[in-house]
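This briefing concerns a predicted model. Please consult the sequence and the structure below while reading the points that follow.

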Amino acid sequence: TPPLHTTTQDAVNEAALWEHDSELSDPESTTSHMSTTYDYSLEDAITYLGLGKFQFLVMVLAGMVWFAAAIQLMSTSLLILNLRMEENSITRYETGTLASMPFLGEIFGAFFISMFSDKYGRKKSILVAALCLSFFGTLSAVSYDFYMLMLCRLMTGCAVGGSLTCLSLVTEFVPQKHRGELTYVESSLWSFGALYAIGIGWLI
């Protein structure tokens, strides 16, 4: 018959072993252990990768969309000015309606295209906005009546509102340390687009 203290010690060791095995087999314990070991966020990963050519490329491409959006928005004022210069071309009511169409479209575009970007990705939403800018902006130049022009400016405003996701795209890829600087550079491209539209209008 083995000594009593030896049997008791073996039982204690076996109980400790079973307790250790049960902790490893427990999903909550395993998840907690893994989360403690690999506790990092997406922001930490972006900060670790740092600022490189990819981030600058994203900023330039997104800034070009903003540049085009500013041109389309400012061209409405130039369009109204040219129409008003022609005698009895449009009434005051039509002038106010045409001026408000891009801003009305911008409200809907910012709402719906932002939801589209959250579901299908920033890249697809920005591509949709850029295609709408180019298509409806060109179609505005060949409008055959006032109602077609009004519809084109409305859809162009939707594209301008959808282009706001460009700012989200840049901020999601840039480390926090440089986020303010690149956001400022991208936002300044909107101002350059507005100045470009005004300059073209002055030359014409």
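Met148 lies in helix H7. In this predicted model, Met148 has a relative accessible area of 17%, and because this is under the 20% cut-off, the residue is classed as buried. Leaving aside residues up to four places away in sequence, Met148 is in contact with Leu139, Val142 and Ser143.

**Helix H6: extent**
- Helix H6 comprises 20 residues, spanning 122-141.
- From the first C-alpha of H6 to the last, the distance is 29 Å, close to the 28 Å expected at 1.5 Å a residue.

- The buried residues of H6 are Arg122, Ser125, Ile126, Ala129, Leu133, Phe136, Gly137 and Ser140.
- Viewed down the axis of H6, these buried residues fall within an arc of 120°, so they line one face of the helix.
- An α-helix has 3.6 residues a turn, so residues three or four places apart point the same way.
- Exposed residues on the other side of H6 are Lys123, Leu127, Leu131 and Thr138.
- The cover over the buried residues of H6 includes helices H4 (53-85), H5 (92-120), H7 (146-162) and H8 (165-173).

**Ile71 in helix H4**
- Ile71 is located in helix H4.
- Where sequence neighbours up to four places away are not counted, Ile71 touches Gly193, Tyr196 and Ala197.
- Ile71 and Ala197 are separated by 126 residues in sequence, while their C-alpha atoms are 5.2 Å apart in space.

Key: Residues numbered from 1 in each chain as written. Predicted model: local features only at pLDDT ≥ 70, side-chain atom pairs only at ≥ 80, totals over all residues. Heavy atoms only, no water. Helix = DSSP H or I, 4+ residues; strand = E, 2+ residues; numbered from the N terminus. Expected span 1.5 Å × (residues − 1). Buried < 20%, exposed > 50% of the residue type's maximum accessible area, 1.4 Å probe, protein only. Arc of directions from axis to C-beta. Contact = heavy atoms within 4.5 Å.
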